[in-house]
Amino acid sequence: MTKLNDYDKAVETYEPVLGLETHIELDTNTKMFCGCSTVFGAEPNTQVCPVCLALPGALPVANRAAVEATIKIGLALNCHIAEWTRFARKNYFYPDMPKNFQTSQYEEPLCEEGYVDVVVEGREYRVEIERVHLEEDTGKTLHVGGATGRIHGATESLVDYNRAGIPLVEIVTKPVPGTGALAPEVARAYTAELRDIVRSLGVSDVRMEQGSLRCDVNLSLNLPGDGWGTRTETKNVNSLRSVERAVRYEVRRQSALLDAGERIFQETRHFQETTGETRAGRSKEEATDYRYFPEPDLAVMEPSRAWVEELRAGLPELPRKRRERLQASWSLGDKEMQSVVNADAVDLIESTVAAGATPSGAVKWWLGELSRRANENGDELGALQITPAQVAQLQGMVDDGRLNDKLARQVIDGVLAGEGDPADVAAKRGLEVVSDTGALEAAVEEAISANPAVADKIRGGTHAAAGVLIGAVMKATKGQADAGTVRQIILDKLS
């Protein structure tokens, strides 16, 4: 069993250094070097051709739309756009690329030297971008017959080449020191910001659950004042929550090894969603192991400065500016808006407000009850089976007095269980507030009869005692009475 340190103890002793490599599949209609479709979910090996299968004599042609999308990403990340760039062959021997090399960029990336600023717990961190380069994705390998889905123990392996050749952008940060105990949160915040930037550009759906955004998490530890330690690379982490968990786990694991006087090996590791652990993969190759050399079948690219500036002028409102605009529109303070960002709820709340809810109502439900549900289940907030339109309907029913908060939480139970929209759930379960004064007056009379001493106090002017009778009526009506109406009936009868 892997020994782990307490996280707080680990970061008191060691300084974490982050590095993040993010792969983003672009939403082009065709692949990077051929005309095959990129639609997700097709039958295996139906979206292939001589070029992406590397049949003899087939020649690649670069996809202009992919180059344009990469330049947009670079500009949004404050990068310098190269005046001269070319592709290279990255050689390795895995079956997920039929030609036994990946067409990528090495010494001459399309975009370099950028940055992204993120705020965590009130402090701004600058994550510097080393490079943004364009390449092609690999095929998908499926190991069959084993218990883990890994090659070890499998009886056979299958390869689907539909994904091979899809345009892929890799964004590589420089090492990020100085995050201290907040390293996991900074990693998550950076990945979320990057996802939101790319989504705003309209060049990728950045759906982590489908693999169109995948994050490799590099982490090393060192004692204060020492040089940086040996890093590990946790591959293909596919959710924001998992990025944070992977960093936290590696800090605990590596610190325990260092405390025991053991070495950290430079290797790739795999994140286990079910347990939150990382497991060893293979020793990590250096660039020299890939034997890069320039791709002889593709021409050098020279993006004109006029084209780059035209793309810069056409960039949309970027997430940070959008958040500032929404914060002012929603009348939120800095801390409350940061809570919205940390919960990954900006889009959800904006859509809920657009569906008719007040900003305060939308924030209340997404950051309150719904965040609690997501945390209990270990889910992302957006993965809950409730839509912004349904949340807006729920809040509308509360505003109209048809539900109180207690009943609304029961309605959420039904919506999450797939029973329909809030109005349908409330009707089926009989959950709407009882506002019929005749029924409420009868319940009040019963409460007065059962609590004569309390009734006498109210008659004597102690109106605060009405809370006891209100509670009795709420119990009798299973929480469905309107408390304000009940209070007024009690005071009218006893004053």
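Helices and strands here are DSSP runs, helices of at least four residues and strands of at least two, numbered from the N terminus. Counted this way, the protein chain of this predicted model has 17 helices and 14 strands.

**Whole chain**

Start with everything selected. Taken along the principal axes, the C-alpha atoms fill a box of roughly 95 × 55 × 50 Å. The chain has 495 residues, and 47% of them are buried. Of the contacts with a separation of 6 or more, 69% are between residues 24 or more positions apart.

**Three domains**

Next, colour the chain by domain: residues 7-312 are domain 1, residues 319-418 are domain 2, and residues 437-493 are domain 3. Keep domain 1 and domain 2 in view. Their centres, taken over C-alpha atoms, are separated by 32 Å.

The size of an interface is often given as the accessible area lost when the parts come together. For domain 1 and domain 2, about 940 Å² is buried between them, with 33% of it on carbon and sulfur atoms. Within domain 1, pick out Val119, Glu193 and Arg241: these lose the most area to domain 2, together 40% of what that side buries.

**Pairs across the boundary**

How many salt bridges are there between domain 1 and domain 2? The count is five. To view a salt bridge, select Glu124 and Arg320, whose closest N and O atoms are 2.5 Å apart. The interface of domain 1 and domain 2 also has eight residue pairs in polar contact.

Turn to the elements on the domain 1 side.

**A stop at Thr234**

Finally, select Thr234, which lies in strand β11 (residues 232-237). Why does Thr234 count as buried? Its relative accessibility is 1%, and buried means under 20%. Show the residues around Thr234, leaving out those up to four places away in sequence: Thr234 touches Cys215, Asp216 and Val217, then Ala246 and Glu250, then Arg269, His270 and Phe271, and also Thr278.

Methods:
Residues numbered from 1 in each chain as written. Predicted model: local features only at pLDDT ≥ 70, side-chain atom pairs only at ≥ 80, totals over all residues. Heavy atoms only, no water. Domains from an automatic or database assignment. Buried area = accessible area lost by both parts, 1.4 Å probe. Salt bridge = Lys/Arg side-chain N within 4 Å of Asp/Glu carboxyl O. Polar contact = N/O pair within 3.5 Å; in protein donor to acceptor, adjacent residues only side chain to side chain. Buried < 20%, exposed > 50% of the residue type's maximum accessible area, 1.4 Å probe, protein only. Contact = heavy atoms within 4.5 Å.
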